[in-house]
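Trainee: Could you take me through one part of this model closely? I'd like to start at a single residue and then see what lies around it.

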Amino acid sequence: MSESNANSRLEAFCDGVFAIALTLLIIDIKIPSMESIGSSTELWRALRHLGPEIFALALSFIIILITWVNHHGMLKLVRKSSPLFIYANGFLLLTVVFIPFPTSLLGAFIRTDHATPAVVLYNAVLACQAIGWILMSGSALKNRLVQEDHAVAQIRKLYQNGCFACGFYSLLALAAVWFPISSALITTASWIFWLVLGIRMKHV
């Protein structure tokens, strides 16, 4: 059976990677040990202690979900492929599967005096993810993988957004050296903004 989209296999592979990355986010959140819980009050206290980890999981889930939505949209615009595009896509996927690691660090250390490395690494990964978008959209334009004018315009917008995001999250990573909590809050606010913007879009 012929495929209507030459990138259908690539998209199926990427969907699997995104699904695995989303699943890995929950692994490090453990239920409180029954031996350490003597009452309902202690269980509520233990659950509150998991708050930062759950916050980090929710933030990373939103990030990966938005990335998947944008990735899906790009592959709908790109009707063919090239080696450069495939490897650029691979780099983007690498940043996606790496997110669970800084997520665990963020959840474990955000309320401690050692939050700086966790926040720096988290934003550094987001900056690298933006580089992945730059490489993917840039290769799509360079190799002329899109033909329609409206598709070219949307790919160029993705390229511009990638450049902005790379600079933005690089600055947040640098700022986290001195202001880790403020940097984490701005990072969270930025992705809430992207989520609201994505929901309000008329076309996906």
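Which does Arg144 count as, buried or exposed?

Mentor: Happy to. A quick note before we look: this is a predicted model, where local features need pLDDT of at least 70 and side-chain atom pairs count only at pLDDT 80 or more, while totals for chains, interfaces and linings use all residues. Residues are numbered from 1 along each chain as its sequence is written, and side-chain values use heavy atoms, leaving out hydrogens and water.

Arg144 counts as exposed because its relative accessibility is 62% (exposed is over 50%, buried under 20%, partly exposed in between, with a 1.4 Å probe and protein chains only). You'll find Arg144 in the loop between H6 and H7; helices here are DSSP runs of H or I, at least four residues, numbered from the N terminus. Its backbone deserves a look too: phi is near 55 degrees, a positive value in a residue other than glycine. Most residues other than glycine have a negative phi.

Now step along to Leu145, which is in contact with Phe85 (contact means heavy atoms within 4.5 Å). Leaving aside neighbours within four places in sequence, Phe85 also touches Leu10, Met74, Leu75, Val78, Met136, Ser139 and Ala140. Phe85 is among the residues with the most contacts inside the largest nonpolar core, together with Met74, Val78 and Ile155. That core has 48 residues; by definition, a nonpolar core is a set of buried Ala, Val, Leu, Ile, Met, Phe, Trp, Tyr and Cys residues joined through side-chain atoms within 4.5 Å. Helices H1 (8–24), H3 (51–77), H4 (83–98), H6 (115–142), H7 and H8 (180–200) each supply at least two of its residues, and H6 gives the most, with 11.

Asn89 is a polar neighbour to follow next. Asn89 sits in helix H4 and counts as buried, because its relative accessibility is 2%. Beyond four places in sequence, Asn89 is in contact with Leu10, Cys14, His71 and Met136; Leu10 and Met136 are also on the contact list of Phe85.

That brings us to Cys14, which counts as buried because its relative accessibility is 0%. The disulfide count is zero, where a disulfide is a pair of cysteine sulfur atoms within 2.5 Å. For Cys14, the nearest cysteine sulfur belongs to Cys128, 18 Å away. With a relative accessible area of 35%, Cys163 is partly exposed.
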